[in-house]
Amino acid sequence: MLIVIGGLPGTGKTTLARLLAARLGAVHLRIDTIEQAIVRSGLARHPVGPVGYVVGYALAEEHLRQGLTVIAESVNPLAVTRDAWRNTAVRTGVSAVEVEVVCSDRAEHRRRVTSRSVDIPDLPLPDWQQVLDREYEPWDRDHIVVDTAGQGPEESVASLLAAVVDGRC
């Protein structure tokens with residue numbers, strides 16, 4: 001199965017994706033990691049455009065064809081990127097679950113964005129204004145929404161896992 005996790009920076013996507021991958025024994029593909037590797041290669045500078053996503057789709061397809069569950073994590077801000085993830089699942093004959101991670105408490109979201117530290121060397125993190133100004137199209141189809149406001153990562157991953165399991169049945 002392909003689990004696509006998206007949402008604005010600072011909502012908790014990476015934390016949830018890591019926890020979910022550990023629980024499911026899944027492959028975690030993080031677009032930030034791919035993009036920063038491309039930048040380190042000297043072939044591009046931030047923002048790198050669609051290349052990180054294109055590499056992510058190819059890696060996801062390869063892992064899915066091997067029978068592995070893949071968790072693809074990125075901001076995933078546009079319908080075109082969401083459609084491309086779904087097409088990856090269709091090409092490999094697996095089901096796709098789409099997840100949007102939000103933090104409905106604006107003050108908590110801002111605190112997360114302004115206080116987090118870089119976990120990928122040299123990855124530039126957006127500031128609060130950049131998060132607010134980011135292009136982010138509303139989701140236009142059914143998907144799971146996980147609101148991380150006011151709860152710890154374990155609570156959030158438990159609700160996500162329950163929703164994913166329900167969606168599989």
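At the start of helix 5 (residues 106-115), a side-chain oxygen of D105 comes to within 3.0 Å of the backbone nitrogen of A107. The model is predicted, with local features requiring pLDDT of at least 70 and side-chain atom pairs pLDDT 80 or more, whereas totals for chains, interfaces and linings use all residues. Residues are numbered from 1 along each chain as its sequence is written, and side-chain values use heavy atoms, without hydrogens and water. Helices here are DSSP runs of H or I with at least four residues, numbered from the N terminus.

Within helix 5, E108, H109, R112 and V113 are buried (under 20% relative accessible area, 1.4 Å probe, protein chains only). Viewed down the helix axis, these buried residues fall within an arc of 135°, so they line one face of helix 5; the arc is taken from the directions from the axis to the C-beta atoms. R106, A107 and T114, on the other side, are exposed (over 50%). The cover over the buried residues includes helix 6 (128-133), through contacts of heavy atoms within 4.5 Å.

Helix 5 also takes part in the lining of the largest pocket, as one of the helices that each supply at least two residues. This pocket has a volume of about 1,300 Å³, and among its 47 lining residues P9, K13, D32, V75 and R116 are the closest to its centre. Helix 1 (13-24) gives the largest share of the lining, five residues. By type, the lining comprises 20 nonpolar, 16 polar and 11 charged residues.

Key. A polar contact is a pair of N or O atoms within 3.5 Å; within protein, one must be able to donate a hydrogen and the other to accept it, and residues adjacent in sequence count only if both atoms are side-chain atoms. On a 1 Å grid over the protein atoms alone, a cavity is a set of points where a 1.4 Å probe fits but cannot get out, and a pocket is an open set with protein on both sides within 12 Å along at least five of seven lines; lining residues have an atom within 4 Å of a point. Grid points are joined across faces, edges and corners, and a volume is the space filled by probe spheres set on the points. Ala, Val, Leu, Ile, Met, Phe, Trp, Tyr, Cys and Pro count as nonpolar, Asp, Glu, Lys and Arg as charged, and the others, Gly among them, as polar.
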